[in-house]
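Trainee: I would like to go through this model and ask what stands behind each label.
Mentor: Go ahead, one label at a time.

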Amino acid sequence: QVQLVESGGGLVQAGGSLRLSCAASGNIFRISAMGWYRQAPGKQRELVAAVTSDGTTNYADSVKGRFTISRDNAKNTVNLQMNSLKPEDTAVYYCNAYMRTVTTYGPFWGQGTQVTVSS
C-alpha cells in the first residue's frame with residue numbers, strides 16, 4: 001500500500017520555526033513532483049511549496065523567503081522548513097506527491113498535520 005506519512009506539526013509562537021517531514025512508502029516506481037499544501041478553516045487548500053525530481057522549486061508568494069522545501073530522492077522524503085512563522089500560517093498542512101505505482105499514476109496525499117502559530 002502506497003502512503004505518505006507526515007510529521008512535525010505543532011504549536012509555535014509567531015516568529016518561531018517548525019520543520020515538517022513527509023515520507024513516501026510502498027510499491028513506488030517513480031515520484032515526480034512533491035510538495036506541501038495547506039488549508040485553513042473556511043479557506044480552500046492552497047499550494048505552499050513544491051519541488052520536482054530535478055530540484056526545481058516553487059513557492060507561494062506568501063511564504064517566499066521564510067519557507068524552504070527540500071527533497072531526498074533516495075529516501076522518498078520531502079521536508080518543509082518554516083521560519084519566521086506568522087499567525088496566518090496556521091492551517092492543516094498536507095504532503096502531496098505525484099507517484100507512479102504498480103496500478104496507477106497520480107497525486108497522493110498525506111493525512112495532514114496541524115500547524116498553529118500563536119500571536
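Predicted model: local features only at pLDDT ≥ 70, side-chain atom pairs only at ≥ 80, totals over all residues.

Trainee: What makes the radius of gyration of the chain agree with that of a compact globule?
Mentor: A compact globule of 119 residues would have a radius of gyration near 14 Å, and the chain has 14 Å, so the two agree. The box filled by the C-alpha atoms is roughly 45 × 25 × 20 Å along the principal axes.

Trainee: Which elements does the chain contain, helices or strands?
Mentor: There are 11 strands and 0 helices. The pattern along the sequence is therefore β-β-β-β-β-β-β-β-β-β-β.

Trainee: Why is Thr77 called buried?
Mentor: Buried means under 20% relative accessible area. Thr77 has 17%, so Thr77 is buried. Thr77 sits in strand β8 (residues 77-82). Beyond residues up to four places away in sequence, Thr77 touches Cys22, Ala23, Met34, Ser70, Arg71 and Asp72.

Trainee: How do you know that Val12 is buried?
Mentor: By the cut-off of 20% again. The relative accessible area of Val12 is 13%, and therefore Val12 counts as buried. Val12 belongs to strand β2 (residues 10-13). With neighbours within four places left aside, the contacts of Val12 are Ser17, Leu18, Leu85, Thr116, Val117 and Ser118. Of the 119 residues in the chain, 39% are buried.

Trainee: How many aromatic pairs does the structure hold?
Mentor: The structure holds 2 aromatic pairs. One of them is formed by Tyr37 and Trp109.

Trainee: Why is the pair of Tyr98 and Tyr105 called tilted?
Mentor: The ring centres of Tyr98 and Tyr105 are 6.3 Å apart, and the planes stand at 50°. Under 30 degrees would be stacked and over 60 edge-to-face.

Trainee: Why do Tyr37 and Trp109 count as partly exposed?
Mentor: Tyr37 has 23% relative accessibility, and Trp109 has 38%. Both values fall between the cut-offs, so Tyr37 and Trp109 are partly exposed. Tyr98, with 34%, is partly exposed, and Tyr105, with 38%, is partly exposed too.

Trainee: Which residues is Ala50 in contact with, leaving aside neighbours within four places in sequence?
Mentor: They are Met34, Gly35, Thr56, Thr57, Asn58 and Ile69. Ala50 itself lies in strand β5 (residues 46-51). From Ala50 to Ser70 is 20 residues in sequence and 8.8 Å in space, C-alpha to C-alpha.

Terms used:
Residues numbered from 1 in each chain as written. Heavy atoms only, no water. Helix = DSSP H or I, 4+ residues; strand = E, 2+ residues; numbered from the N terminus. Rg over C-alpha atoms; globule rule 2.2 N^0.38 Å. Buried < 20%, exposed > 50% of the residue type's maximum accessible area, 1.4 Å probe, protein only. Phe/Tyr/Trp six-rings, centres within 6.5 Å; stacked < 30°, edge-to-face > 60°. Contact = heavy atoms within 4.5 Å.
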